[in-house]
Structures are given as C-alpha cells and as structure tokens.
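Me: I have a protein model to go through today. Could you take me through its main features, one topic at a time?

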Amino acid sequence: MHYLWQFRLLRSPLSCVSGEPVEVIHPGVYNRDGGPDFFNARIRIGQTTWAGNVEIHLRASDWYRHHHQEDPAYHNVILHVVDTCDADVTGADHCPIPVVEVRSSYPPELISRFEALHLASRWIPCQNILAEVDPAVFRLWAPALAVERLTDRARTIRTWLTVASFQWDEVAYQLVAGALGCKINTHPFELLARVTPLRILLRHRDHLTSLEAMLFGQAGLLDPSYKEAYPADLFRSYLFYRDKYTLHPLERGTLKFLRLRPVNFPTIRISQLAFLLNQRNGFPENFPDDIPLASRMKSLQARASSYWDTHYTFDRIAASRIKKLGLDTIRLVLINGLAPLLFLYGMEKNQDSFRERAVAILDELPGESSALINTWEKLGFPAGNALFTQALKQLKSDYCDRKRCLECRIGVKLLRRET
C-alpha cells in the first residue's frame, strides 16, 4: 500500500467513500519512523486543496485498533487511504477524516507479482525474472548502495569509538586486527585488540618479541608446556606484562583454527599484526593522515617473524616458507577497516572530503572475491571494483534477504513492468 501510494500507481480517478473526487498533487514524504506514513502531502478533495499528512491502512478500523485518534502525532492527517473501508474514522476533535478506498484502483497482477517475490525461497526473490531488468539499473544505483554500506558500518564503528573515549587510533587498530582475522576470526581478533590496548603495545613497539608475547598471551595461545625456546620465552615475558599491566586474556579456544588455510591461522595473523605495530609508518596512531592509497597499501605489508618461517603453530615444525600478508588481505583491511573509519571521521567532523576519500578507496581497489560475488556474477552482475562488490553485498543483505523489493530499484522496475 505504501509503495502504491508513494509511486502513484493507483488508477485515477480516486474518490472518497463519501463521493468527493480526490486528486493527488503530491503524495508526501515517506516516513519510516513513528507517526503518519507520509508527511507534507498536498491533496485536492472536491474544490479544496489540503496540505498535511496521509495515513495508510489495510482496513479503516485499524485507525482505532492502533489508537491513532488518541495520538497527537496524527492530528494533522488530511486523508486516510485504505484497501477496505469497514468503519468511519474521526480524529481527536471528533471530526470525520476523508477516507479513500483503493481496493479496485490497482492492477491485480501487481499483487500477484509482489506475492511471488515476497514468498520466494530462492537465493534472491527475483532470481527467475532478474533478466528482465537492464543491468544499468544496478550500475547507476551501485554508488548509493556502497555509501549505504559505509554508513551502516560507520554507525557500528561509532559505538566502538564511544567505548574507546573517541581515541581514533585505538579504533583504527581494532579494525586492522579484525580485518586480519579473516571471516572466521574477525570478531575474536577485534576482542583481542580490545583486551590488549594500543597504548600499552606502543610503549614496547621497538621490541617485536614483547609485542608478540602480549598479543599471543592475550589471545590465550601461550602454554607453559611448550618445549621450544621461542614460545617458552614468550610465555615468561607474557606473565611479566600480564602482571605489570593487569591484563585479562581471552578464554582459550576463542580463536578458531578449523576450516582455515594454514597461512590464515591466528598464530600467523597475530605475528603479522605485531610486525605492523613494530613498524614506524604512522599508522594507526596518526589517523587520519593523508597518505596516497599506494603508500597506504605499502605501509600495510607485513610478514610473520622468523620463527613462523618454519611453523604454523607452536612446537610443530613445518616446511620453510616466509609468511607475508597477501595483497587480498591488505585490500580487505582497507575496504573493511580504513574506508568506513574515514567515512565515520567525515560524518563526525562534518567534512565531506573524508567521506569522498572513503568512497574513492572503494572505487580504486579491485573487488573482493567470494561465493556471494561469484553468484551475483553468474546472474549477470559483474563487479569490477570494490565499490561494486560492496554494493552487491549491501543489495543482498539489506534488500534481498529482508525482501525489501518495494524499496529496491530493481524490484520497483520489475513490479512497474506489470503496470
């Protein structure tokens, strides 16, 4: 009903149940919060033009069921649009409110297609009819979807910023740690960063072994039973720092190893995180510094310490291999960490330049590779860069999975074809 009213898909002429003709000059602004469904509409009823709000229900009696007659927010409703008029409606002043019944004012095939989309159990509701829509519809919408995703992510990060007393460098460190955790360990690595504050680590940034001792210990990965000298030394160092700074480690088992390639094991990623902190490249403590993207990517290059050249876990020797941070992971750090943090900084400081830099990062970086993106590509939606892959993720999670077809530009195109 909201969709039909907002996009003027109701057949003319409309009229009140009392007989007066109704002309919609402007349907109003769709309200997603409390109060009437549409604000600031302009409606001509008979010979009189009204300005005010419009409320929409399936049945007119819902007005009383929702107690709108008692709510001051509904005192300026000038029109009640219903599918079925089963009751007369009055406002708080007991004056009648004009009612329009629209059950015969829209094509029945529109409802059939909407129900088919709403009840679909496919990967996306419109999967079988998606080919009917020109892919340009998505391409034109993609930047706005990417900004939506940045905005959603920035709002989440803002809660971290509040907890961190608005220390931007601390939050930047937490985001980098989370991105290094890969999908399975994203949240555990974020927790690790929170229980191992950046301000403590930076006091020892010139000593890589001290950084590793604190991070491995806080991750619950150190054990007094290790036989090799390196992990045994780390454990003894951690006990000293734990007591000195009153540190509280994560529970053992918080970080996951199952279903991960060995190069992505938490042990390797923690050592690479320690390496990043050990480097004096200005990040994260100087956020937001204006560094070109290529220089930023170079500053995020990291390798695990030499012990890990022949290990993936403590006390187990493996074939020799230098464990460098891959280019794809560095891009994920920028896409999921730096870009949304820059966007949030722009929101907080009301500076568009930082928000534009965040979008530019997505536009410059290649798109991520994942099962979700591969499925979109099979459906005819190729993603050339990170801006488009982020847009496709937002489309799937925020529209398709929630079946918001009536708010989706693709869904609207498919439905309007029926009219």
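**A strand in the interior**

Reply: To begin with strand S6 (residues 77–84), seven of its eight residues are buried, so the strand is largely enclosed by the rest of the structure. Please keep in mind that this is a predicted model.

Me: OK. Which strands does S6 pair with, S5 and S7?

Reply: On one pairing, strand S5 (residues 48–59) runs parallel to S6, and six bridges join them. One of the bridge pairs is Val54 with Leu79 in S6. S6 also pairs with strand S7 (residues 99–101), again in the parallel sense, over three bridges. There, Val82 stands opposite Glu101 in S7.

Me: And what does S5 do with S4, parallel or antiparallel?

Reply: S4 and S5 run antiparallel and are joined by six bridges. Arg44 stands opposite Thr49 in S5. The two strands form a hairpin with two residues between them. In that turn, Gly46 has a positive phi of about 65 degrees.

Me: Which other strands pair with S4?

Reply: Strand S2 (residues 21–26) pairs with strand S4 (residues 38–45) in the antiparallel sense, over four bridges. Within that pairing, Glu23 has Arg44 in S4 as its bridge partner. Strand S3 (residues 29–30) is also antiparallel to S4, with two bridges.

Me: Changing topic. How many disulfides are there?

Reply: A search of the whole structure finds zero disulfides. A disulfide is a covalent bond between the sulfur atoms of two cysteines.

Me: What about Cys400?

Reply: Cys400 is in no disulfide either. The nearest cysteine sulfur, that of Cys126, lies 6.0 Å away.

Me: Are those two cysteines, Cys16 and Cys400, buried or exposed?

Reply: Cys16 is buried, with a relative accessible area of 5%. Cys400 also counts as buried, at 10% relative accessibility. The limit for being called buried is under 20% relative accessible area.

Me: What can you tell me about helix H15?

Reply: H15 (residues 386–400) has 15 residues. From its first C-alpha to its last it reaches 20 Å, close to the 21 Å expected at 1.5 Å a residue. The helix is mostly covered, since 14 of its 15 residues are buried. At its start, a side-chain oxygen of Asn385 comes to within 3.2 Å of the backbone nitrogen of Leu387.

Me: How about H8, how many of its residues are buried?

Reply: H8 is mostly covered as well, with nine of its 11 residues buried. The buried residues include Leu211, Met214, Leu215 and Phe216.

Me: Which helices do the buried residues of H8 pack against?

Reply: They pack against helix H5 (168–180), helix H6 (182–195), helix H7 (198–202), helix H9 (229–245) and helix H10 (266–278). After H8 comes Gly220, whose phi is positive, near 75 degrees.

Me: Where is Gln218, and what does its side chain reach?

Reply: Gln218 is in helix H8 (residues 208–218). At 0% relative accessibility, Gln218 counts as buried. Its side chain reaches the backbone oxygen of Val195 at 2.7 Å. A polar atom of the Gln218 side chain also lies 3.3 Å from the backbone oxygen of His248. Leaving out residues up to four places away in sequence, Gln218 touches several others, including Leu192, Thr196, Tyr238 and Pro249.

Me: Last topic, the whole chain. How many helices and strands does it have?

Reply: The protein chain has 16 helices and nine strands. Its radius of gyration is 28 Å, well over the 22 Å that the globule rule gives for 419 residues, so the chain is more spread out than a compact globule. Its C-alpha atoms fill a box of roughly 90 × 45 × 40 Å, taken along the principal axes.

Me: What share of the residues is buried?

Reply: Buried residues make up 49% of the 419 residues in the protein chain. As for contacts with a separation of 6 or more, residues 24 or more positions apart account for 60% of them.

Notes
Residues numbered from 1 in each chain as written. Predicted model: local features only at pLDDT ≥ 70, side-chain atom pairs only at ≥ 80, totals over all residues. Heavy atoms only, no water. Buried < 20%, exposed > 50% of the residue type's maximum accessible area, 1.4 Å probe, protein only. Pairing = 2+ DSSP bridges. Disulfide = S-S within 2.5 Å. Polar contact = N/O pair within 3.5 Å; in protein donor to acceptor, adjacent residues only side chain to side chain. Contact = heavy atoms within 4.5 Å. Expected span 1.5 Å × (residues − 1). Rg over C-alpha atoms; globule rule 2.2 N^0.38 Å.
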